[in-house]
Structure formats: C-alpha cells, structure tokens
Amino acid sequence: MWRRRLGALLLRSPPSSSSAAASSCQHHRHHLLPSEEPLALNRLARLFTSQAGSDGGNSQKPFIAFVLGGPGSGKGTQCTKIASDFGFAHLSAGDLLRHEIASGSEKGELILDIIKEGRIVPSEITVELIRKAMETSSANKVLIDGFPRCEENRITFERIVGREPDIVVFFDCPEDEMVKRLLGRNQGRVDDNIETIKKRLKVFESLNIPVVDYYSSRGKVCKINATGTADEIFEAVRKLFSSLRF
Ligand SMILES: Nc1ncnc2c1ncn2[C@@H]1O[C@H](COP(=O)(O)OP(=O)(O)OP(=O)(O)O)[C@@H](O)[C@H]1O
Ligand SMILES: Nc1ccn([C@@H]2O[C@H](COP(=O)(O)O)[C@@H](O)[C@H]2O)c(=O)n1
Ligand SMILES: [Mg+2]
C-alpha cells in the first residue's frame, strides 16, 4: 500500500529534448531529476525501493534496462556508449547466443540453425544464458540488448529471473536505413545477408513490436529516434540516462 502510494508520488515528467535524435519517454518511477527531488521523499524512495538482503542491506536488485529496436537499428553501438559513460554492464542476447555457438556445444548447433533463419531461439535457452551472465557480472545496473524478442521471451524472463525491466529503451529506425547498415556491417555474421535480413525484419514486426507495445502500455518505454550519426543519437540517449535515478 505504502509502496503504491509512494510510487504515485514519485511520477515525474522526463526532461524535454530538442535534439535531432530526440527521445519520447513515458512516466515511470525512475524518471527523477535529483535537483527536483525533495530530500525527504528521495530518502523514503530509496528506503522503499532498496532490497535489503541477508548482508544487512548491501544487496540491491540491479537496475535493468531492456534495449530493443529492429535489426541494425544501432542497439549494440549505443549500448557500448552507455556502458562506458554510465557504468552499465552490457549483456547482448545475440552475443551470448553466438558465444554458445562458438563453444561447440550441442545447443550451439541448434542455435546456429535458428540464427541463420532469423528465427527466435527457444526462450529457456536465452534466458538461462542471460541469468548466468547477470549472476556472474553482479553489476548493479544492466543493459540487456536485443531481449525480449517475443512474448515468450518476456514471460520466461519474468518466470526465471523474477523481474520486470525498470525501463525499455526502443531505438526507432526506418527499415531502409537498417538494411543499409546491416549490409555494410562486415563482421562476418551468418545472418547479415539480404535473405536473412528480410526474415529478421518480418520477425521484428510480428513478434518484437507487440512486446514494445506491451511495455508501452505499462509506461516503461523510452523511444529514441535512431536516425542520424551514432554520436547524434547518443546525445538523446545521454539525456535520457542522465535523467534516470539508478
Ligand atoms: N547511427 C548510425 N549511423 C550509421 N551506421 C551506424 C549507426 N549506428 C550503428 N551503425 C552501424 O550499423 C551497423 C549495425 O549497428 P549495431 O550492430 O549497433 O546494430 P544492432 O541494432 O545491434 O543490430 P543487430 O540487431 O543486428 O545486432 C554496425 O556496422 C554499426 O557500426
Ligand atoms: N532474444 C533473442 C536475441 C537474439 N536471438 C537470435 O539471435 C539473432 C541475432 O541477434 P542480434 O540481437 O545480435 O541481432 C536473432 O536474429 C535471433 O535469431 C534470439 O533468438 N533471441
Ligand atoms: Mg546487436
């Protein structure tokens, strides 16, 4: 009850952005500018949102940002910058899956077949890889890049990890720009060819957009205009992350 009332008190509008790569964000409990916070309220908020554990209160749930966007929208590029400027751990679901392929495991063979087709790997596999990586990193703020890609991913994460994200950053990019970027990426990825790219775009529209809509309905999505140079886009990203309390 207290927590719910406090949550309502803590809702604030995010700062407005006038840059070319602007963001549009919804209200949620982490959109607090420190300068706007009444001190007592801030202290109360920390008390109610901290997860005191058996170590006497030092263990906190990590702040989780899901980072979504179409193939080639620039998720990985922007996550690298966020990690470096804001101290987040960067966990890319695609990289974890490719790492599993490289390990030569039996699961890796199945994953490779699915990635070549641009389809979605069974959620239990991906969520287990993410869960282990989160455990290993023990970071207190985490970017989960390229996840959840479908409703099944989302529901499985909630079941296994027992969490929802604090925020969902969505990079909004036109299809023709994404295709151009992917064809120019040149990293030897088995899925960066026009046939697979077309399939990935279809999967994005049919399975990933509904997840973005779900989180929008829960007020968690911050949409970033992902056109322009990587640095221009990062200006909007920087404004967003500077406004968060984590
Ligand atoms: N703003 C930008 N303008 C032009 N090229 C960009 C921009 N941002 C990223 N790129 C380039 O586009 C390619 C795809 O970017 P990136 O790997 O970050 O996308 P992604 O969303 O992670 O893609 P995927 O979903 O396939 O992993 C890379 O070669 C990257 O260097
Ligand atoms: N949650 C996810 C994320 C990725 N995949 C598969 O990996 C491919 C590459 O992902 P990137 O984020 O690096 O583009 C993707 O096309 C899927 O085949 C997945 O199944 N589930
Ligand atoms: Mg990527």
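Helices (H or I, at least four residues) and strands (E, at least two) are DSSP runs, numbered from the N terminus. This is a predicted model, in which local features need pLDDT of at least 70, side-chain atom pairs count only at pLDDT 80 or more, and totals for chains, interfaces and linings use all residues. Residues are numbered from 1 along each chain as its sequence is written, while chains are lettered from A and ligands numbered from 1 in the order in which they are written.

**The sheet and its helices**

Six strands make up an open sheet of mixed pairing, ordered E1-E6-E5-E2-E4-E3; two strands pair if DSSP finds at least two bridges between them. At the edges stand strand E1 (23-25) and strand E3 (89-92), each of which pairs on one side only. From one strand to the next the twist averages 20 degrees. Strand E2 (residues 63-69) is joined to E4 in the parallel sense over five bridges, and phenylalanine 66 is opposite isoleucine 144 in E4.

Helix H9 lies across E2, strand E5 (167-172) and strand E6 (221-225), at about 125 degrees to E6. Helix H10 also packs on the sheet, where it touches E1 and E6, and its direction makes about 155 degrees with that of E6. These angles run from 0 to 180 degrees between N-to-C directions, with axes fitted as lines to C-alpha atoms, for helices over the stretch in contact.

**Annotated positions**

An unreviewed UniProt entry places the feature "binding site" at ten positions listed in the record, including Gly146 and Arg200. UniProt positions follow the numbering used here, feature names are shortened, and annotations may be inferred rather than shown by experiment.Glycine 146 is found in the loop between strand E4 (141-145) and helix H7 (151-161), whereas arginine 200 belongs to helix H9 (residues 194-217). Contact requires C-beta atoms, placed from the backbone, within 7 Å; the contacts below leave out residues up to four places away in sequence.

**The ligand shell**

Ligand 1 is surrounded by 15 residues, the closest being Gly74, Lys75, Gly76, Thr77 and Arg181. Helix H3 (75-86) and helix H10 (230-242) each give two or more residues to this shell, and H3 gives the most, with three residues. A residue counts as near the ligand if its C-beta atom, placed from the backbone, lies within 6 Å of it.

Key
Contact = placed C-beta atoms within 7 Å.
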